[in-house]
Amino acid sequence: MQDHKQEMAGTIPQLHSLPVGEKPSSPPSTPTIDEDAELKTSATETTNLLEQHHEKFKNKYTEDGYILESKDEMDSEALHSAYQPDTQNGGVRKQRSQSQLSLLEEEMDQYNTKRKESPLVNFKMTERTKNYLVLTKIAILFAAFITIIVFFSINEEVEGHHDVLAVSESLPYFYEFTDLHESTDPILKFNIHGPLDKEFESNSIYNLNFTLFISNWSGTQIPVKTMSLPLREAEPDTNTEEWIEYTSRIDLPQVSDPNSTYGMLFETSVPDLVTFNFDYNTQPKSSELDVLIGLIILVLVYVLIGFELVHRTVAAMLGAFAVLAVMSAFNERPTLEGVMAMIDYETLALLWGMMTIVGIFSETGFFEWCALQSYKIAKGKVWTLITLLCVFAGVVSAFLDNVTTILLLTPVTISLCEVLHLDPRHVLIAEVIFSNIGGTATAVGDPPNVIIISNSDIQDAGYPHHNGITFTKFTLHMAIGIVFCMIAGYFLLRVLYRNKKLRLQDTPEITALKQEIEVWRRSAVSIMVVSREESTVKALLMQKVHQLETALHNLEYEEKEAEENTDGWVEIFNAMKSKYQIRDKTLLIKCGCVLTVTILMFFASSFLKNISLNIGWIAVIASLVLLIIADVEDFESIMHRVEWATLLFFAALFILMEGLTELGLIDFIGNLVAELIKDVDEQHRLTVAIVLILWVSALASSFIDNIPFTTAMVPIIISLSENEELDLPLEPLVWSLAFGACLGGNGTLIGASANVVCAGLAQQHGYPFTFIAFTMVGFPMMLGTTFVAMIYLLICHSALEWNS
């Protein structure tokens, strides 16, 4: 008997399933089952046995298919389950040895043990726990929002005390604060907006001096604090667009006399009248923590977005409301009109206009056709396709705003990935990263560059000896460095993507087959072997599982061969050629003409001074023109293609960032950089300035919007270059800021506008990627490309001194 068992055991084929998601590395061989080990049972008999089993043992196993009895009990019961030849109902059944059944039982025991020991099973969160966590999150957010509403409502909207004052050397002005004695707040915050010098601490022959006085009941004026601000040495009354704003706080001394009043005496050494704006308000003692509070709000918003506790639009709206509540608590609650003024409508108009154009354009089938042509050029090679898309996105973004580039390329990329069965999320992340890198090369490719090059002081730098920083000079210095960043970024991308499955996890056929295998396996696992019939059914089910796993092995091997062998791309291309064609050639011509004129107008608006239209107006006008000439009847369907959640997110983000600017967070970062540079030895000052401005800009732009940060940093780098003590050239500081602000946008999902737009479009098409997924790729890419930019800047400007 023992010899017979060993003989029969040698006839059992060794069938092993692959781990889920793993491709076979060698051609599969179809296993053969010897005749004496084969089971042949009629369908009727098998069905009857299954029904009898479920009726008899339906209460003895769990819903997940785990047997209630211990393994020892199963082994004990299995000893009595050897079955005899049977020919009932015309079925032919040959005897299977006990050793064969033991092998099947052992495999089922291993499968059960593996499942039960899996961390995903042991640590699976119950529905009740999930519900508790969701309710806890809702309760915390609701309580926080109620607190925000309370602080927002405690003070009325204030427009501030705004006055226009004028003083001269022979005509000082005494400003009396008529309401300060009624206030219980101990801090006076005031703003002076006028023809001030950018370097507030510089020495000048022309100064604006002001002293805070306390006047008692007898008329005696007691000075509290005197301050001085330098004025422009030439033409102090320049136009208001070039005025500089200075903000400061003064601790108000406590006075016991209720009749005492406060006043401020303004004096100047300029013989002519100097005009400036003056406004003030009182604040509580806690306002001294405004920068820390702003930082905490920003971190909490990132926690909500990063862990996806709420939608990013809701997180931005909560953050914006929190900033407004803090401003209200500090007696600075803006009016509704003031809040609306914080929004950059030019950016929103650009996004809406281009989204509308792309929505109409998508009706032509042009994107799918482009995807097919890209496949033809790449000849079916995945990395060739990714390389083409990344290079194309980078080059186009250098001449066209990167937000517009992503709006146009995202539908094409998704269509292409669907045709080739690639995961669009990985391709889109790579594409938007290279779009941000390419947009850094020119003055019109990225919003921070537009802010920098449009500044009049930067344009006039070095005048009359030099022409300042022109569009050509900016592009020349930036483009050379970006070429190196693109090359380094590409190799770094290959490293980051080396273990990623660029293709979708499984084809529909493989997914269906795995689901079928799981159904059969669970049915087999649920059977307790207590009789010959149960043993028979279990053996049949496991044999079916083995057959399906063999088919899965074959199919996965064929898929792997298809991925590695691109010789058949022509047949695939011809098969898809009839499916992906231009559907409406007339509409395509109309859309092409409108889009071409729009892009040309984008360029023209940067050079032609007589065109009084910004890119937002151009995009809106172009979309309306296309709506008219395309004769769109189903307007609602076009509007459904517009990412309204993305537009609302940007609006909330603008309010959040403007509020943080009002709280002093942005200025704090910029001033900290300036102070660090001043503390360095003169011979190393330029090197340290380049490194500091570059990395602070990159890291800050990864976590806060780079538009307000760049706006705050521009006057700081100008003041650094104009400081005679520092003796720093302006050009390398400008390049450092541009490289850092633009490349830093790749650090996180909300670091750049193009990232958010791409994520919104991807989600609309059913391929959402998370904040963490983007950051896992974007942040290393940001670090790598910024490091390359630093080496480039140090060689060109520290070593070679390529400065005007």
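**Entry 1: the sheet**

The model is predicted, and local features need pLDDT of at least 70, side-chain atom pairs count only at pLDDT 80 or more, while totals for chains, interfaces and linings use all residues. Residues are numbered from 1 along each chain as its sequence is written, and side-chain values use heavy atoms, with hydrogens and water left out.

I then noted that strand E4 (residues 207-215) and strand E7 (residues 261-268) run antiparallel and are joined by eight bridges. Two strands count as paired if DSSP finds at least two bridges between them. Strands (E, at least two residues) and helices (H or I, at least four) are DSSP runs, numbered from the N terminus.

On E5, I recorded that E4 pairs with E5 over nine bridges, in the antiparallel sense. Asn207 stands opposite Pro230 in E5. E4 and E5 form a hairpin with five residues between them, and Gly219 in the turn has a positive phi of about 90°.

Which order do the strands take in the open sheet? I read four strands in the order E2-E7-E4-E5, with antiparallel pairing. Strand E2 (173-177) and strand E5 (221-230) stand at the edges with a single partner strand each, so one side of each is left without a neighbour in the sheet. The twist averages 20° from one strand to the next.

**Entry 2: two helices**

I recorded that the axes of helix H10 (residues 345-361) and helix H13 (residues 402-420) come within 10 Å and cross at roughly 25°. Axes are lines fitted to C-alpha atoms, for helices over the stretch in contact, and angles run from 0 to 180 degrees between N-to-C directions. H10 and H13 are therefore roughly parallel to each other, a term for angles under 35 degrees.

**Entry 3: the cavities**

I counted three cavities of 30 Å³ or more. A cavity is a set of points, on a 1 Å grid over the protein atoms alone, where a 1.4 Å probe fits but cannot get out; lining residues have an atom within 4 Å of a point. The second largest cavity has a volume of about 40 Å³, a volume being the space filled by probe spheres set on the points.

I listed the lining of the second largest cavity, which includes Asn402, Asp446, Asn706 and Ser753. Helix H15 (447-453) and helix H27 (706-722) each supply at least two residues of this lining. The lining residues divide into four nonpolar, three polar and one charged.

Conventions. 1 Å grid on protein atoms, 1.4 Å probe; cavity = no way out; pocket = protein on both sides within 12 Å on 5 of 7 lines; lining within 4 Å. Nonpolar A, V, L, I, M, F, W, Y, C, P; charged D, E, K, R; others polar. Parallel < 35°, antiparallel > 145°, perpendicular 65-115°, else oblique.
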